Amino acid sequence: MRSPVSAPAQTAYPDKIDGAVLKIAGVVVLGAIMSILDITVVNVALPTFQNVFADSPAAPIAYSTVAWTVTAYTLALATVIPLTGWAADRFGTKRLYMLALVLFTAGSALCASASSIEMLIGFRVLQGLGGGLLMPLGMTIMTKAAGPARMGRLMAILGIPMLLGPIGGPILGGWLISNASWHWIFLINAPIGVVALVYAWFALPSDSPHPTESLDLLGVALMSPGLAAFLYGISSIPGEGSMNHPKVYVPMAVGVLLMAVFVWHTFRPAHPLLDLRLFRNRNLSSATATMFLFGAAFFGGLLLVPTYFQIVRGESTLHAGLLVAPQGIGAMVTMPIAGALSDKFPVGRIVPFGLVVITGAMFALTQITSTTSYPVLIGILFVMGLGMGGTMMPIMTSALRTLSSHEVARGSTLLNIVQQIASSVGVAIMSVLLTNNLKDSPLAGPATATWRDPSLVDKIGGQGAVTQGLADAAQAFADTYWVAGILVALTLVPAMFLPRKHEESHLLDDVDPAAPPVVLH
């Protein structure tokens with residue numbers, strides 16, 4: 001962010017979240033809602049994409065192919081995020097944030113016009129380029145606006161989109177698909193984008209670009225292609241069924257090589273594209289490791305729930321969305337509590353409890369069958385939401401609180417990159433496991449509730465074959481959740497290194513009271 005802030009304003013933070021912070025938070029939250037909501041909206045639409053883009057109803061597109069509509073978006077996010085800090089410094093935060101909103105809104109409109117799955121995947125990349133700028137910019141804006149003492153409650157506010165995503169995304173997506181068409185899950189972003197654009201114009205302070213750092217061109221040439229190649233290889237695993245395919249291991253190897261050279265290079269320039277020297281901060285290192293494992297398990301598992309309700313239980317997209325909502329409601333209960341506690345207690349004493357709750361819920365989902373009662377499933381999802389609300393925001397709070405003023409943008413960039421990589425890895429892992437587990441089921445071809453069609457039942461081999469197929473499909477989901485549960489359990493290891501006692505904030509350490517207004521980015 002590039003906003004003139006005087007020294008007194010920076011040192012005189014009120015204890016409560018005041019109107020000035022809430023006005024800026026409204027801009028950030030609105031942009032983040034679009035970015036995050038679109039992920040969960042698309043999740044519930046994947047079985048629909050299998051049918052609408054198929055050559056014929058009898059031959060739906062493979063699940064691993066339509067999952068690219070999620071992966072392409074997160075891949076684009078991860079690729080553009082490293083440029084956020086430099087771009088904000090070069091073009092100004094307000095201009096960059098509004099440009100991101102324009103890209104995201106335009107990408108949404110183009111997605112609605114897609115006539116093939118390949119076109120949809122391509123337009124999702126454009127969406128991701130805009131969405132990738134929104135989150136790190138938003139985190140930096142809000143961190144600077146609130147100050148260290150209010151960081152936990154601030155992150156709880158930033159967590160609002162993460163609540164509305166699991167709650168509103170599946171419901172909104174299901175309702176739009178059931179009552180309108182799949183095109184509207186993207187078109188709905190147009191009015192929200194316009195409102196966010198107007199709001200940002202009036203609410204964000206005017207700024208002008210004052211470049212202070214040159215762009216690390218070699219870092220860009222190494223990091224962005226390397227990250228894209230690595231994620232492309234990871235994301236190709238579901239389609240190929242294993243890592244033993246050139247489409248998987250060649251781009252992964254190229255990506256790892258480029259990123260390894262980038263790591264070697266990043267310690268040489270004064271202003272690298274990504275400042276890996278920040279990992280000397282123990283809190284940031286612990287939080288990053290925790291965030292990676294948690295993100296891979298949680299976001300990968302998040303993809304499975306609506307698909308289970310549609311494929312195994314034959315629910316419509318709307319009903320599947322409503323059934324997933326308890327997870328977001330659970331997070332709504334604990335997130336503000338966790339935010340307030342993070343301002344009073346060390347996060348190392350908060351996060352492990354949330355992780356234990358999520359681990360228990362994940363392992364409970366390993367026992368699901370084709371006949372598991374809905375009250376049980378809803379209860380498990382609600383408990384998982386409780387754990388989510390007590391985990392993610394405190395982790396980010398721990399990472400950013402002890403960074404100095406000029407390090408916040410770089411630190412938030414690192415966290416966002418880790419989260420996006422983790423999300424892509426998690427989606428790829430869960431997709432390939434689910435695809436492989438489903439391949440022997442007679443229901444592997446039919447998507448959503450089409451297996452209820454009498455002609456399809458006869459084709460499969462009668463009602464008995466359908467019943468057995470449902471049992472096999474449910475077991476495929478249960479087996480996949482074992483991996484998600486183990487990943488969350490492993491997250492407890494780095495979480496034990498999160499601070500267990502109060503540490504002094506360094507957010508204002510590099511502010512000179514006699515200096516002119518600081519340029520924030």
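**Exercise 1. Which side chain does histidine 265 join through a polar contact of 2.9 Å, and is histidine 265 buried or exposed?**

Start with the pair itself: the side chains of histidine 265 and aspartate 216 are joined by a polar contact of 2.9 Å. (A polar contact is a pair of N or O atoms within 3.5 Å; within protein, one must be able to donate a hydrogen and the other to accept it, and residues adjacent in sequence count only if both atoms are side-chain atoms.)

Before going on, a word on the source: this is a predicted model, where local features need pLDDT of at least 70, side-chain atom pairs count only at pLDDT 80 or more, and totals for chains, interfaces and linings use all residues. Residues are numbered from 1 along each chain as its sequence is written, and side-chain values use heavy atoms, with hydrogens and water left out.

(Helices, H or I with at least four residues, and strands, E with at least two, are DSSP runs numbered from the N terminus.)

Then check the cover. Histidine 265 has a relative accessible area of 7%, so it counts as buried. (Buried means under 20% relative accessible area, exposed over 50%, partly exposed in between, with a 1.4 Å probe and protein chains only.)

Last, list the partners: leaving aside neighbours within four places in sequence, histidine 265 is in contact with Asp216, Leu218, Gly219 and Leu222. (Contact means heavy atoms within 4.5 Å.)

**Exercise 2. Work out where serine 224 lies and what serine 224 touches.**

Step one: serine 224 belongs to helix α12, residues 217–235. Step two: its relative accessible area is 10%, so serine 224 is buried. Step three: skip residues up to four places away in sequence, and serine 224 touches Thr79 and Gly219. Gly219 also turns up among the contacts of histidine 265. Step four: serine 224 and glycine 255 are 31 residues apart in sequence, with 9.3 Å from C-alpha to C-alpha.

**Exercise 3. Which residues make the nonpolar surface patch, and which helix gives the most?**

The patch covers about 590 Å² and is made by Ile329, Val333, Ile337, Leu341, Phe345, Val357, Phe382 and Val383. (Patches are made of residues with over 30% relative accessible area and no salt bridge: like charges are joined within 9 Å, nonpolar side chains (Val, Leu, Ile, Met, Phe, Trp, Tyr) within 5 Å. A salt bridge is a side-chain nitrogen of Lys or Arg within 4 Å of a carboxyl oxygen of Asp or Glu. Accessible areas come from the Shrake-Rupley method with a 1.4 Å probe; for residues, only the protein chains shown count as cover.)

Helices α17 (317–342) and α19 (374–389) each supply at least two patch residues. α17 gives the most, with 4 residues. Leucine 341 lies in α17 and is partly exposed, at 33% relative accessible area.

**Exercise 4. Zoom out: how many helices and strands does the chain have, and where is the pLDDT below 50?**

The chain has 23 helices and 0 strands. Of its 521 residues, 59% count as buried. For contacts with a separation of 6 or more, residues 24 or more positions apart account for 85%.

Finish with confidence. Mean pLDDT (the predictor's confidence in each residue, from 0 to 100) is 77, and 78% of residues reach 70 or more. Residues 445–451 fall below 50, with 26 contacts in the model beyond near neighbours in sequence. Residues 506–521 stay under 50 too, with 49 contacts beyond four places in sequence. Where pLDDT is low, the predicted coordinates should not be read in detail.
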